Amino acid sequence: MHQIKTICVCGAGTMGGGIAQMSAQAGYKTILFDLNDAIIDKCKNSIEQSWETLVLKNKVAASDKQAFQQRISFTSNIQDCRADLIIEAIIEKLSAKVELFQQLAEINPINTIFTTNTSSISINKIAQKLDDPFRFAGMHFFNPAPVMKLVELISGEQTNEMVIKVLMEVCKKMGKTAVVCKDSPGFIVNRVARQYYLESLFLLENGLTDFETIDQVMESIGFKMGPFKLMDLIGIDINYNVSKIVWEDLGKPKRLMPSALQEQKVLKAELGRKTGKGFYEYEVENQNSKFKIQN
Ligand SMILES: NC(=O)c1ccc[n+]([C@@H]2O[C@H](COP(=O)([O-])OP(=O)(O)OC[C@H]3O[C@@H](n4cnc5c(N)ncnc54)[C@H](O)[C@@H]3O)[C@@H](O)[C@H]2O)c1
């Protein structure tokens, strides 16, 4: 079986940083690439802080932390992105992803495996634009990547079975639970969870109750996080985009129509934790801090 030694994660945003952290912890030589140097610096600090916390909590030995640090490198130069496995976690835009894969194919060997962390773009649609769709699959991590165990491995029509086997091994080494599914709008989790967000937004839009109450009620019956806290965590732009793509790809059924209220939030750049304001407000310097409820 194809041996993975080096992993390159593209995109150092909400998802890429966590995935790169897990990759380095799992023993892979890890390259984290982003176009934006400021985002790279922020991501580097955040990964450092996570490792520091793990050491302070005695979950990781100081020597392990050093080994993790030695295994990871950060770059804004695409020429550094040579690896056995590419995990793409850049913006949710088909053309941007395709362009990146095409650039990476030119500088990588013919057995490099290409994966995308897309939440909603069809794996087959991306694959159609690639010279070698057999080495391409979806590798869908959940937010926050270091904490959430599940990874959906999405097999496109042309994905080689061996590629999925290799990815299962990588997930296992990262301590993740992988499930394999075929390409279809929203895959499994984002398809089933759509109604959780959409019905909650509908209740709010129609003035039937407020968002804090909806969160409280859903948490009280066993959901770990209410829909509005969850949308703020995911990024309202990302969540809205997923809704739009799933709705369009399924032929625009009325029951899955995206929310106008959510679109307004995106237009106002109230995107959730990452901008300091979504449905709730956050201390910008510590986006994991407690919720400060909006007036
Ligand atoms: N946010 C979530 O909860 C979540 C969960 C699962 C999957 N995803 C998916 O993961 C991907 C990334 O989402 P995110 O929330 O981390 O986005 P984000 O906006 O936080 O980060 C995207 C990063 O990609 C960088 N970027 C943009 N174009 C680039 C390019 N050509 N090359 C290198 N870097 C580039 C940006 O500078 C930015 O840092 C998306 O496909 C999204 O659908 C997101």
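Student: What makes the crossing of α11 and α12 left-handed or right-handed in this predicted model?

Tutor: α11 passes α12 in a left-handed crossing. The term applies if the near helix is turned anticlockwise from the far one by less than a right angle.

Student: Which residues make that contact?

Tutor: From α11 come I236, D237 and Y240, and from α12 come Q262, E263, K265 and V266. Sorted by class, the contact of α11 with α12 holds 3 nonpolar, 1 polar and 3 charged residues.

Student: How do you know that these residues are in contact?

Tutor: The test is that C-beta atoms, placed from the backbone, lie within 7 Å. The residues named for α11 and α12 are the ones that make the contact.

Student: At what angle do the axes of α11 and α12 cross?

Tutor: Helix α11 (residues 236–249) and helix α12 (residues 260–267) cross at roughly 135 degrees, and their axes come within 9 Å. Angles over 145 count as roughly antiparallel, 65 to 115 as roughly perpendicular and under 35 as roughly parallel, with the rest oblique. The value falls in that remainder, so α11 is oblique to α12.

Student: Why are α9 and α10 called roughly perpendicular?

Tutor: Helix α9 (residues 211–220) packs on helix α10 (residues 227–234) at about 100 degrees, with the axes 7 Å apart. The range for roughly perpendicular is 65 to 115 degrees. The angle lies in that range, and α9 and α10 are therefore roughly perpendicular to each other.

Student: What makes up the contact of α9 with α10?

Tutor: α9 supplies F211, I214, D215 and M218, while α10 supplies P227, F228 and K229. By class there are 5 nonpolar and 2 charged residues, and no polar ones.

Student: Where are the two domains, and how many residues does each give to their contact?

Tutor: Domain 1 covers 6–182 and domain 2 covers 193–275. Their C-alpha centres lie 26 Å apart. The contact takes 7 residues from domain 1 and 10 residues from domain 2. On the side of domain 1 that touches domain 2, 1 residue is nonpolar, 5 are polar and 1 is charged.

Student: Which residues come nearest to the ligand?

Tutor: G11, G13, M15, S119 and N143 do, out of 27 residues around the ligand. The elements giving two or more residues to this shell are α1 (14–25) and α4 (94–107). The largest share, 3 residues, comes from α1.

Student: How do the shell residues divide by class, and from which domains are they drawn?

Tutor: The shell has 15 nonpolar, 10 polar and 2 charged residues. Domain 1 and domain 2 each give at least three residues.

How values were computed. Residues numbered from 1 in each chain as written. Predicted model: local features only at pLDDT ≥ 70, side-chain atom pairs only at ≥ 80, totals over all residues. Near = placed C-beta within 6 Å. Helix = DSSP H or I, 4+ residues; strand = E, 2+ residues; numbered from the N terminus. Nonpolar A, V, L, I, M, F, W, Y, C, P; charged D, E, K, R; others polar. Domains from an automatic or database assignment. Axes fitted to C-alpha atoms, helices over the stretch in contact; angles between N-to-C directions.
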